[in-house]
Amino acid sequence: MTDKQMHIQSTEIDLLTPSRELPLYGKRILITAPRNYAYRLAKQIIKQGGLPVFMPTIETCYLSNYTKLDVALGRIEEFDWIVFTSRNGITAFFQRMNDLDIPVSVLEKCQLCALGKDAESLSSFCGKVDLIPAESSPAGIVVELAKLPEIHNKKVLIPAPEVIGLPEPDVIPNLITDLQQLGIEVTSVPSYITQGLNTSIYSIELNLIRQGIIDVIAFSSTAEVESFLTMFNSQSDYKSCIVACFGPYTTANTRKLGVNVSIVAKDYSSFEGFAEAIAEFFALTSSSH
């Protein structure tokens with residue numbers, strides 16, 4: 001049997017495990033991530049035996065005004081680094097390059113940075129990734145760039161979200177400040193839109209939350225939490241739900257917003273780690289009982 005056949009067989013065996021033997025059997029996990037992320041998280045929850053319930057509280061869209069991004073693309077060779085903080089930023093950035101018929105070869109002199117699994121997406125667009133921080137976070141980016149010689153003389157471009165209808169999370173502003181403190185010249189340009197969704201479409205899901213039928217609410221970003229909280233009058237509406245967050249930074253911001261967080265993914269470089277953290281929580285809970 002070849003290695004490939006063995007891999008396929010092991011995958012099939014894993015997926016053929018009776019769901020009642022899996023840690024998230026019978027657990028309904030509410031996913032608030034935008035749909036282009038939601039399906040990836042749902043896949044990992046299903047692998048753990050859970051029942052994903054979709055309720056994206058934000059959506060990510062293409063820009064309506066590309067002026068600032070186009071100006072940056074027109075002088076792209078001036079930048080030493082392009083730092084991507086999300087897969088959305090990568091997709092939107094290269095989509096715009098394609099729309100303007102700008103070849104990826106203009107990036108040859110730029111160093112490119114992406115977080116965790118986003119590096120695979122970046123590589124698929126341009127064939128190279130120069131830095132994947134050990135910690136999959138903006139703070140991890142700062143740590144790695146600070147190690148580089150002459151970094152204080154460099155110019156960095158950050159393709160960022162334009163936040164509409166929500167308080168802007170402090171993630172990008174803090175990243176800009178931290179990089180500037182290293183002496184870096186930072187240019188942040190909107191490359192896509194993050195906005196809230198009309199809550200009127202979620203009457204069924206909101207009722208499931210209020211009735212205590214949802215076991216876990218899984219937040220993967222601060223913006224999702226901000227939008228989620230606009231849908232409720234008080235914490236009592238979701239008090240019976242366990243809250244899980246994708247990494248320490250989303251956790252910290254969620255707690256600042258007054259929400260109790262019970263599950264924090266230690267491996268936040270991929271949604272696989274997030275689903276495993278949720279599964280581990282219930283495995284430990286059931287064993288303690």
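This report walks through charge pairs, aromatic contacts, backbone angles and a few distances in a predicted model.

## Salt bridges

Let's start with the charges. Side chains of opposite charge can pair when their charged atoms come close. In this structure there are 8 salt bridges, and three of them are worth a look here.

One of them joins Arg75 and Glu78, with the closest N and O atoms 2.9 Å apart. How accessible are the two ends? Glu78 has a relative accessibility of 40%, so it counts as partly exposed. Arg75 is partly exposed too, because its relative accessibility is 29%. Another bridge links the side chains of Lys117 and Glu120, at 3.5 Å from N to O. Here Glu120 is exposed, with 53% relative accessible area, while Lys117 is partly exposed at 36%. The cut-off for calling a residue exposed is over 50%, so the 53% of Glu120 puts that residue in the exposed class.

## A bridge between helix and loop

Then there's the pair of Arg210 and Asp237, whose closest N and O atoms sit 3.8 Å apart. Which parts of the chain does this pair tie together? A salt bridge needs the nitrogen within 4 Å of the carboxyl oxygen, and the 3.8 Å of Arg210 and Asp237 meets that.

Asp237 counts as buried, because its relative accessibility is 16% and the limit for buried is under 20%.

## A negative patch

On the surface, Asp267, Glu272, Glu276 and Glu280 gather in a patch of negative charge. Residues in such a patch have over 30% relative accessible area and no salt bridge.

Take Glu276 as the example. This residue lies in helix H11, which covers residues 271-288. Glu276 has a relative accessible area of 37%, so it counts as partly exposed.

## Aromatic rings

On to the rings. A pair of aromatic rings is described by the distance of the centres and the angle of the planes. With centres required to lie within 6.5 Å, the count comes to 12 aromatic pairs. What is the arrangement of Phe232 and Tyr238? Their ring centres are 5.5 Å apart and their planes stand at 65 degrees, so the pair is edge-to-face. Both Phe232 and Tyr238 are buried.

Elsewhere on the list of aromatic features, one cluster is formed by Tyr37, Phe246, Phe271 and Phe274.

## Positive phi in two loops

Asp101 has a phi near 55 degrees, a positive value in a residue other than glycine. You'll find Asp101 in the loop between helix H4 (87-99) and strand S5 (111-113). With a relative accessible area of 68%, Asp101 is exposed.

Glu150 isn't a glycine either, yet its phi is positive, at about 60 degrees. Glu150 lies in the loop between helix H6 (138-146) and strand S6 (155-164). This residue is partly exposed, with a relative accessible area of 46%.

## Sequence versus space

Tyr268 and Met231 are 37 residues apart in sequence and 27 Å apart in space, C-alpha to C-alpha. Tyr268 is in the loop between strand S10 (263-264) and H11. At 16% relative accessible area, Tyr268 is buried.

Then there's Ala146, in helix H6. From Ala146 to Asn198 the C-alpha distance is 41 Å, and the two are 52 residues apart in sequence. Ala146 is partly exposed, with a relative accessible area of 41%.

Conventions
Residues numbered from 1 in each chain as written. Predicted model: local features only at pLDDT ≥ 70, side-chain atom pairs only at ≥ 80, totals over all residues. Heavy atoms only, no water. Patch = residues over 30% accessible without salt bridge, like charges linked within 9 Å, V, L, I, M, F, W, Y side chains within 5 Å. Areas by Shrake-Rupley, 256 points an atom, 1.4 Å probe, with all protein chains shown as cover. Lys, Arg positive; Asp, Glu negative; His and termini not counted. Charge placed at Lys NZ, Arg CZ, Asp CG, Glu CD. Helix = DSSP H or I, 4+ residues; strand = E, 2+ residues; numbered from the N terminus. Buried < 20%, exposed > 50% of the residue type's maximum accessible area, 1.4 Å probe, protein only. Phe/Tyr/Trp six-rings, centres within 6.5 Å; stacked < 30°, edge-to-face > 60°.
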